[in-house]
Amino acid sequence: MISKFIFTLVIIFLGAIGFAQTEKIFVSNYPLAYFAERILGEQVYFPDIEGDPAFWEPSEEELANIQAAELIILNGATYEKWRFFTSLPESKVVETANVFNDHFIYAENEVTHSHGSSGEHSHSGTTFTTWIDFDQASKQAGAIKDALIDFTIGDATTISENFELLKADLSKLDSELLELTQGYSELPLIGSHPIYQYFARRYDLNVKTVHWEPDTYPGEDLWQELETVLADHPAKWFIWEAEPLAESVARLEEMGLNSVVFDPSGNRPSSGDFLTVMQENIKNLKPVFAY
Ligand SMILES: [Zn+2]
């Protein structure tokens with residue numbers, strides 16, 4: 001009985017140490033968490049976030065944890081909206097997308113609608129879904145590697161080796177997509193959400209987007225808007241950021257549009273990891289570029 005009690009104490013103690021370790025490096029979205037954990041070989045602090053981390057707001061306690069971290073790894077490209085009303089110890093902040101900040105894409109006159117689980121929000125200004133251009137993803141991973149070495153967190157040799165393996169995986173995704181999409185730059189496509197800008201640029205795709213949520217049936221105004229877009233952009237494929245409602249898929253089908261999912265995985269996936277989600281995305285896109 002006593003040994004069981006001591007055993008429980010040890011487990012609690014180890015749990016506490018484990019928790020302390022996860023606080024060392026903060027990351028603001030799941031792709032960064034995946035990259036950092038692959039490179040460091042250790043768990044990092046990515047809070048449990050409901051919905052899209054791009055529209056997250058840290059609680060006071062979470063903000064205190066972030067401020068206390070040894071290294072604060074951000075996406076940048078205005079991804080972290082919460083940064084504008086909080087103060088961070090700037091010397092510990094790394095904005096991973098900054099390495100290509102002269103290639104940011106700006107969205108003008110973006111409408112504010114979309115009334116799904118993440119509420120009403122806009123995508124005006126600098127667009128931030130940088131990592132579904134896998135060349136950019138690789139550069140962001142490189143910025144994490146450099147920061148870990150600069151801050152002497154972990155073993156530099158292991159970090160460099162792990163980074164090379166990750167880079168090879170990202171490069172494989174990149175070349176697969178480049179190959180798959182080659183010759184389809186004219187093919188009209190619809191994106192469900194204004195997040196495919198960097199993706200469309202990298203893979204030379206003709207994407208126009210609406211602002212729909214996969215878990216919400218679009219109102220009649222949104223269907224009307226889609227009709228207007230289709231008038232001079234006769235797409236046959238509708239790319240969703242997550243699994244859509246069956247009713248939405250059925251109505252799109254009536255309009256001659258097939259649904260496929262390309263999930264940017266900004267938040268932690270319910271199964272698999274960044275790599276398996278992206279491999280699944282590429283597999284989903286195959287019929288789009290089969291003709
Ligand atoms: Zn949105």
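Strand β2 (residues 71–74) is joined to β3 by three bridges, and the two run parallel; strands here are DSSP runs of E with at least two residues, and helices are runs of H or I with at least four, each numbered from the N terminus, while two strands pair if DSSP finds at least two bridges between them. Within this pairing, Ile72 has Val93 of β3 as its bridge partner.

The model is a predicted one, in which local features need pLDDT of at least 70 and side-chain atom pairs count only at pLDDT 80 or more, whereas totals for chains, interfaces and linings use all residues. Residues are numbered from 1 along each chain as its sequence is written.

The pair belongs to an open sheet of three strands in the order β1-β2-β3, with parallel pairing. Because β1 (25–27) and β3 (93–95) stand at the edges with a single partner strand each, one side of each is left without a neighbour in the sheet. From one strand to the next the twist averages 20°. Helix α2 (residues 30–40) lies across β1 and β2 and runs at about 145° to β1, where axes are lines fitted to C-alpha atoms, for helices over the stretch in contact, and angles run from 0 to 180 degrees between N-to-C directions; contact requires C-beta atoms, placed from the backbone, within 7 Å.

The protein chain as a whole has nine helices and nine strands. Its pLDDT, the predictor's confidence in each residue from 0 to 100, averages 91, with 89% of the residues scoring at least 70. Over residues 14–22, however, the pLDDT is below 50, and this stretch has five contacts in the model beyond near neighbours in sequence. Where pLDDT is low, the predicted coordinates should not be read in detail.

Technical notes. Contact = placed C-beta atoms within 7 Å.
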